[in-house]
Amino acid sequence: MEDWLTAAARARPDHEAVAADGGSLTYGQLDERASHRARGLAAAGVGAGDRVPVTHPPGLAFAELLHALPRLGAVLEPGPPTDPPAPAGAEGGAAPLQPRTEFEPDAIHTVIRTSGTTGAPKPVELTYANHAASALASAGALGVEPGDRWLCALPLHHVGGLNVLIRSVINRTTVVLHERFDADRVKATLEAGGITLASLVPTMLARLRAAGLRDAPGLRAIALGGGPVPAELLDWASETGIPVVPVYGMTETCSQVVAGNPGRPLPGVELEIATDGEILVRGAMVAPGERGEDGWLHTGDLGALDADGRLHVLGRLKELIVTGGENVAPLEVEQALLAHPAVVDAGVAGLPDPEWGEAVTAFVVLREPAAAEELRAWCRERLAAFKVPKAVFEVERLPRSAGGKLLRDRLGAD
């Protein structure tokens, strides 16, 4: 497999590769700067197999390191940005190697830690082949055009953000990086036109709505992942003409594997539902070390496939609340609450209860006053009685990861 940046620089040397930090680099310039970085890393002792932590914020320097490390056979380990960024060192300090222009498809390209929404974050080893398959699958779902400009305001130490950079170089298009999500800045960027694709999480889109986003000339799709999308947010996007495509994926699948609402598997993705309702995924984008003995990734998510083969995600298997002997999926209760006009955000968990074992308990962020009993009555009209929250608490915000995922185990911790 040829080095992605080498191929892009040869095919489109003068095409803008990355715009960030108030500047930009063409593919030819990025190729030169990645080679310069690689020589510096090699002189410092970085070589094949070394795992190099990178804590640079989204920007040109991060892009240079992303493409420099493979030329030494080293492995990128992105982490949360630090100020100043930690020096790009390495574990092991292998002897410097001649910069490479070819990859072994099954070699490890990246080690990314999961978001840790249901436990401690774990490292996932993603190969060159995983990233290539993911880019191909995404292109099959969202399309690729030569003039594409993909806006990324997601953290690059999460797979959803990092893969925007990687698929852009594979497709030889442009990525526009924001160092962090700022609703006013993203709104201005979208309204100015020229952005054709964007990656966001639902909380970011909700903040753009609150900021007054009404138009995004030239935008083909917002890939919206990282968690369930409230129906009323999708309704707003449809009414205002903002093209939103909900996506489902995870670190172990090298980002998205399903797109749409409800979602269809991307090209090259196989889905199956186990007898206990768990979503199983198979395909070339699944990290080799995450595949079970049966060849499938056991996602830990609950889901169902309809007659048309569309996936309905119902929540996390481990997050099922067992209350009075009945199973409750928190996501179903959250969706009911989010349909209430006063509710901005909602999180549901099962808290220990001497009578019920676990009590369905809701935590809500409100845009206007609403009594707990009003919200419980709202749920009673939409849910089975055992699914109605026993208690509803108003909070200022819900605990979420940098990627926007609800940290359910922290609900009620304060």
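Trainee: Axes here are lines fitted to C-alpha atoms, for helices over the stretch in contact, and angles run from 0 to 180 degrees between N-to-C directions. With that in hand, at what angle do the axes of helix α1 and helix α5 cross?

Mentor: Keep in mind that this is a predicted model. In it, the axes of α1 (residues 4–11) and α5 (residues 159–171) come within 8 Å and cross at roughly 45°.

Trainee: Switching topic to the core: how many residues does the largest nonpolar core have, and which have the most contacts inside it?

Mentor: It has 94 residues, and those with the most contacts inside it are Val 18, Leu 190, Leu 205, Leu 208 and Ile 222.

Trainee: What does Val 18 touch?

Mentor: Not counting residues up to four places away in sequence, Val 18 touches Gly 23, Ser 24, Leu 25, Leu 30, Leu 60, Ala 63, Leu 165, Val 175 and Leu 177. There is also a second, separate core of 20 residues, which includes Val 333, Ala 362, Val 364 and Leu 383. As general background, in soluble globular proteins nonpolar side chains tend to be buried together.

Trainee: OK, zooming out, how many helices and strands are there?

Mentor: The chain has 10 helices and 22 strands, and of its 414 residues, 52% count as buried. Among contacts in the chain with a separation of 6 or more, residues 24 or more positions apart account for 63%.

Trainee: What is the radius of gyration?

Mentor: The chain has 22 Å, which agrees with the value near 22 Å that a compact globule of 414 residues would have. Along its principal axes, the C-alpha trace spans about 65 × 50 × 45 Å.

Trainee: Back to the backbone, then: which peptide bond is cis?

Mentor: The bond from Asn 261 to Pro 262 is cis, with omega near -5°, and Pro 262 sits in the loop between β12 (255–260) and β13 (263–265).

Trainee: I also flagged Ser 255 and Arg 172 for positive phi. Is Ser 255 buried or exposed?

Mentor: Ser 255 counts as buried because its relative accessibility is 9%; it lies in strand β12 and has phi near 95°, although it is a residue other than glycine. Arg 172, with phi near 60°, is in the loop between α5 and β8 (174–177), and at 31% relative accessibility this arginine counts as partly exposed.

Trainee: Last one, Pro 202: where is it found, and which residues is it in contact with?

Mentor: Pro 202 is found in helix α7 and is buried, with a relative accessible area of 9%. Leaving aside neighbours within four places in sequence, Pro 202 is in contact with Leu 224, Gly 225, Gly 227, Pro 228, Val 229, Pro 230 and Leu 233. Its C-alpha atom is also 7.5 Å from that of Gly 404, although Pro 202 and Gly 404 are 202 residues apart in sequence.

Trainee: And what does Gly 49 contact?

Mentor: Gly 49 is in contact with Gly 73 and Ala 74, again leaving aside neighbours within four places in sequence. Gly 49 lies in the loop between α2 and β3 and, at 49% relative accessibility, counts as partly exposed. The place of Ala 44 is also in the loop between α2 (27–43) and β3 (51–54), and Ala 44 is exposed, with a relative accessible area of 64%.

Notes. Residues are numbered from 1 along each chain as its sequence is written. This is a predicted model: local features need pLDDT of at least 70, side-chain atom pairs count only at pLDDT 80 or more; totals for chains, interfaces and linings use all residues. Side-chain values use heavy atoms; hydrogens and water are left out. A nonpolar core is a set of buried Ala, Val, Leu, Ile, Met, Phe, Trp, Tyr and Cys residues joined through side-chain atoms within 4.5 Å. Buried means under 20% relative accessible area, exposed over 50%, partly exposed in between (1.4 Å probe, protein chains only). Contact means heavy atoms within 4.5 Å. Helices (H or I, at least four residues) and strands (E, at least two) are DSSP runs, numbered from the N terminus. The radius of gyration is taken over C-alpha atoms; the globule rule is 2.2 Å times the number of residues to the power 0.38.
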